[in-house]
Amino acid sequence: MQEEVTNKTVTFVVQTVRLSADIMRRMMEKYLQSRQQNHRSKKAQKQQEKLAKKREPPQGRIKVKDLAKQNAGMENYEIANKELKRFEKYARKYGINYAVKKDKSKDPPVYLVFFKGRDRAAIDAAFRDFTGEQLRKKNKNRVGIRKKLALYRAAAKNQKKARDKNRQQVR
């Protein structure tokens, strides 16, 4: 309870010879006026920020209709469902505006990624990184040729030993 009271306390500092009720009233009025002005300025600032956000063009994934409104010529790529999330990561990295449309005519469905024609260089860089990551993942799981050969040699020796045992048992 004591903390609530101290948090809501306001201190006024006034230089005067004699403190009267009239001076107290003027101090309170000035304080209330300054609070109202601060409150109004904060509201105005928030409204200006909202307007600024509305004016700037959308970034990242947007609707096909909005992308077409930008009048920059549209191009597209086909991407499988599994790869769409990974592609979005690279599109955000390169600051590309793109739109996604599902092509249901194919089985399994494929996604068409539309982008502005003038973003061609950024899209190419994003796809280079995207495909490079996929190749690195595939190569990471691959076993080297020498290791495969060593495995085949060991398997061949085991087969030869098993064959020899079977020959001895048959005789």
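**Entry 1: the strands**

I began with Tyr-98 and found that this residue stands opposite Phe-115 in β3. I noted at once that I am working from a predicted model, and I keep that in mind for every entry below. Further along the pairing, I saw that Lys-101 stands opposite Leu-112 in β3. Strands β2 and β3, the latter made of residues 110-116, pair in the antiparallel sense over six bridges, and a hairpin of six residues joins β2 to β3.

I then looked up the whole sheet, which is open, has three strands in the order β1-β3-β2, and is paired in the antiparallel sense. Because β1 (74-79) and β2 (98-103) stand at the edges with a single partner strand each, one side of each is left without a neighbour in the sheet. From one strand to the next, I recorded an average twist of 25°.

**Entry 2: the overall layout**

Stepping back, I counted six helices and three strands in the protein, and I wrote their order from the N terminus as α-α-α-β-α-β-β-α-α. Of the 171 residues, 19% count as buried. The accessible surface comes to about 15100 Å², and 51% of this belongs to carbon and sulfur atoms. Among contacts with a separation of 6 or more, I noted that 67% are made by residues 24 or more positions apart.

Is Lys-116 buried or exposed? I found that Lys-116, which lies in strand β3, counts as buried because its relative accessibility is 10%, under the 20% cut-off. Leaving out residues up to four places away in sequence, I listed what Lys-116 touches: Leu-67, Gln-70, Ala-72, Gly-73 and Asn-97.

Lys-93, which I located in helix α4 (residues 81-93), counts as exposed, with 59% relative accessibility. I also checked Lys-93 against Gly-60: the two are 33 residues apart in sequence, and their C-alpha atoms are 9.6 Å apart in space.

**Entry 3: salt bridges**

The side chains of Asp-129 and Lys-93 meet in a salt bridge, at 3.5 Å from N to O. This pair links distant parts of the chain, with Asp-129 in helix α5 (residues 120-141) and Lys-93 in helix α4, 36 residues apart. I noted Asp-129 as partly exposed, with a relative accessible area of 26%.

Glu-78 forms a salt bridge with Lys-106, and the closest N and O atoms are 2.7 Å apart. Here too the pair links distant parts of the chain, since I found Glu-78 in strand β1 and Lys-106 in the loop between β2 and β3, 28 residues apart. Glu-78 is partly exposed at 47% relative accessible area, and Lys-106 is partly exposed at 34%.

In helix α2, I found Glu-29 and Arg-25 four residues apart, about one turn of the helix, and their side chains meet in a salt bridge at 3.0 Å, N to O. Glu-29 is partly exposed at 40% relative accessibility, as is Arg-25 at 43%. I saw that both belong to a network of salt bridges that links Asp-22, Arg-25, Arg-26 and Glu-29.

**Entry 4: a nonpolar patch**

Last, I looked at the surface, where Val-10, Phe-12, Val-14 and Met-28 form a nonpolar patch with about 290 Å² of accessible area together. I placed Val-14 in the loop between α1 (2-7) and α2 (21-55), and I noted it as partly exposed, at 35% relative accessibility.

Key: Residues are numbered from 1 along each chain as its sequence is written. This is a predicted model: local features need pLDDT of at least 70, side-chain atom pairs count only at pLDDT 80 or more; totals for chains, interfaces and linings use all residues. Side-chain values use heavy atoms; hydrogens and water are left out. Two strands pair if DSSP finds at least two bridges between them. Helices (H or I, at least four residues) and strands (E, at least two) are DSSP runs, numbered from the N terminus. Axes are lines fitted to C-alpha atoms, for helices over the stretch in contact, and angles run from 0 to 180 degrees between N-to-C directions. Patches are made of residues with over 30% relative accessible area and no salt bridge: like charges are joined within 9 Å, nonpolar side chains (Val, Leu, Ile, Met, Phe, Trp, Tyr) within 5 Å. Accessible areas come from the Shrake-Rupley method with a 1.4 Å probe; for residues, only the protein chains shown count as cover. A salt bridge is a side-chain nitrogen of Lys or Arg within 4 Å of a carboxyl oxygen of Asp or Glu. Buried means under 20% relative accessible area, exposed over 50%, partly exposed in between (1.4 Å probe, protein chains only). Contact means heavy atoms within 4.5 Å.
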